[in-house]
Amino acid sequence: MPSHVLIAEDSSSQRAILATLCRQLPDVEVHEAPDGRWALQRARQLPQLDLVITDLNMPGMDGIELIEQLSRLVQIPTLLLLSGHMPELLAGCMRAAEELGFPAIAYLAKPIDVEMFQSEVRRLLLAAKRPPNLERAIPLAEIFSGLAQNQFCAFFQPIFSQSAHRAVQIEALARWQHPAYGIIGPGSFIDRLEHEGFIVLLTRRIVQTSLDLLARDPCAQDLRLSINLSRSLLEDADFFDWLVGEVASRGLSPQRIVLEITETMAFSDLGHTLVTLLRLRMRGFELSLDDFGTGHTNLEQLKELPLTELKLDRSLIRGIHRSPRSQSILDGIIRIGRELSLRIVAEGLDNGHDLAYLQGRYPDLELQGFLLSVPVSAGELSQHLGLDDPDSSAQA
């Protein structure tokens, strides 16, 4: 079955070029529109639409309004944003599209690089073909049954040191080994378990298997372990005491355990949060502020938390090689992090050009993302702990 691509571009010559480039790809059917209104009308008529490529600056309905209207379709397509007049708006439009629910998004500044354009189109069409998340339709009772039958496990995504050219840390991520659907990601069941007050059951399972890996597997003997904490766990004194006991019983140093919280969690109830975090640091655990750059944390607030690590949100890292505004923001964050003696991790790397930029400018930055390694099972981990040569990664 062919993929359907809709191009919204008011310049007929540029639209023709983009259409030709798309038609050079296998099994692609192209539809064209001279502005946002025509594009929206065409999108509503098509029984299948996989990708919309739109210029931002068009007469009548511009590309930004078109994005908002497309988000109301029953099946939301993937999205490629283009701009020649105001490329500085591309990153902001991409963030807006993410919040509106588009499944996969990319942006390119004009003039278009042919190879990069076709590469992004291929990636977005592949994303459009992925099956919808099955776990959203799974009854809550089945999730509880899966917990009772130990069907949930930990996958691990490495975090790499540039200077050591290897992984120095792994992040534990929950996966469900469903007997019918295979491996299911955390997209739905985490929030549902949190809402129902059962997140502690899953987290204890993930923590135990992850600590066992650190204690018993030779490939993990020098690695730190990142564990994500929910708001309810941060307030759970029993979980805190249990965690201390689990680490001690395996003879592990708490300094190898990095507990991750988000900006929203950190400052929603600062007094109680500080008490918990200070107790954890007093016991030797490391603390990481996850998704940093998405909230409103300032330097004074950052100094109040007993942190050892900052994890830069993927929205700041994505496309940084071509975004002077993001580069300036990152420069400031890196400077603050260094002044506070914090380890800094860039997560969400999925682009070789972004990787090359970060490696060239910030050699002390630690790196994490699908480009370097996808989350893998414990049995596969040893094969994913080396950092590939930067030059080969940049060509990915």
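The structure is a predicted model: local features need pLDDT of at least 70, side-chain atom pairs count only at pLDDT 80 or more, and totals for chains, interfaces and linings use all residues. Residues are numbered from 1 along each chain as its sequence is written, and side-chain values use heavy atoms, with hydrogens and water left out. The largest nonpolar core has 75 residues. A record lists a modified residue at Asp55.

**Confidence**

- pLDDT is the predictor's confidence in each residue, from 0 to 100.
- The chain has a mean pLDDT of 88. Of its residues, 93% reach 70 or more.
- Residues 390–396 have pLDDT below 50. Beyond near neighbours in sequence, this stretch has 10 contacts in the model. Contact means heavy atoms within 4.5 Å.
- Where pLDDT is low, the predicted coordinates should not be read in detail.

**Nonpolar cores**

- A nonpolar core is a set of buried Ala, Val, Leu, Ile, Met, Phe, Trp, Tyr and Cys residues joined through side-chain atoms within 4.5 Å.
- Buried means under 20% relative accessible area, exposed means over 50%, and partly exposed lies in between (1.4 Å probe, protein chains only).
- Which residues have the most contacts inside the largest core? They are Phe189, Leu202, Leu225, Ile257, Leu259, Leu358 and Leu365.
- Helix H8 (residues 199–216) gives the most to this core, with 8 residues.
- Leu365 is in contact with Phe160, Gln162, Leu312, Ile334, Ile344, Ala346 and Leu358, leaving aside neighbours within four places in sequence.
- Phe152 sits in strand S6. Phe152 is buried, at 1% relative accessible area.
- Beyond four places in sequence, the contacts of Phe152 include Phe189 and Leu202. Arg175, Trp176 and Arg205 are also among them.
- Phe152 and Gly332 are 180 residues apart along the chain, and their C-alpha atoms are separated by 40 Å.

**Helix H8**

- Helices (H or I, at least four residues) and strands (E, at least two) are DSSP runs, numbered from the N terminus.
- The expected span of a helix is 1.5 Å times one less than its number of residues. For the 18 residues of H8 that gives 26 Å, and the end C-alpha atoms are 26 Å apart, which agrees.
- The buried residues of H8 are Ile199, Val200, Leu202, Thr203, Ile206, Val207, Ser210, Leu211, Leu213 and Leu214.
- An α-helix has 3.6 residues a turn, so residues three or four places apart point the same way.

- UniProt lists Asp55 for "modified residue: 4-aspartylphosphate", in an unreviewed entry. UniProt positions are given in the numbering used here, feature names are shortened, and annotations may be inferred rather than shown by experiment.
- Asp55 lies in strand S3 (residues 51–55). Is Asp55 buried or exposed? Asp55 is buried, with a relative accessible area of 4%.
- Contacts of Asp55 outside four places in sequence are Ala8, Glu9, Asp10, Gly63, Leu82, Ser83, Gly84 and Lys110.
- Ser83 belongs to strand S4 (residues 78–83). Ser83 is buried too, at 2% relative accessible area.
- Ser83 touches Asp55, Leu56, Leu90, Leu108, Ala109 and Lys110, neighbours within four places in sequence aside.

**Backbone details**

- Most residues other than glycine have a negative phi, and most peptide bonds are trans.
- The peptide bond from Lys110 to Pro111 is cis, with omega near 0 degrees. Pro111 is in the loop between strand S5 (105–109) and H5.
- His165 is not a glycine, yet its phi is positive, near 55 degrees. His165 is in the loop between strands S6 (152–161) and S7 (166–178). His165 is partly exposed, at 46% relative accessibility.
- Ser341 also has a positive phi, of about 60 degrees, without being a glycine. The loop that holds Ser341 runs between helix H15 (324–339) and strand S13 (343–346). Ser341 counts as exposed, at 65% relative accessibility.
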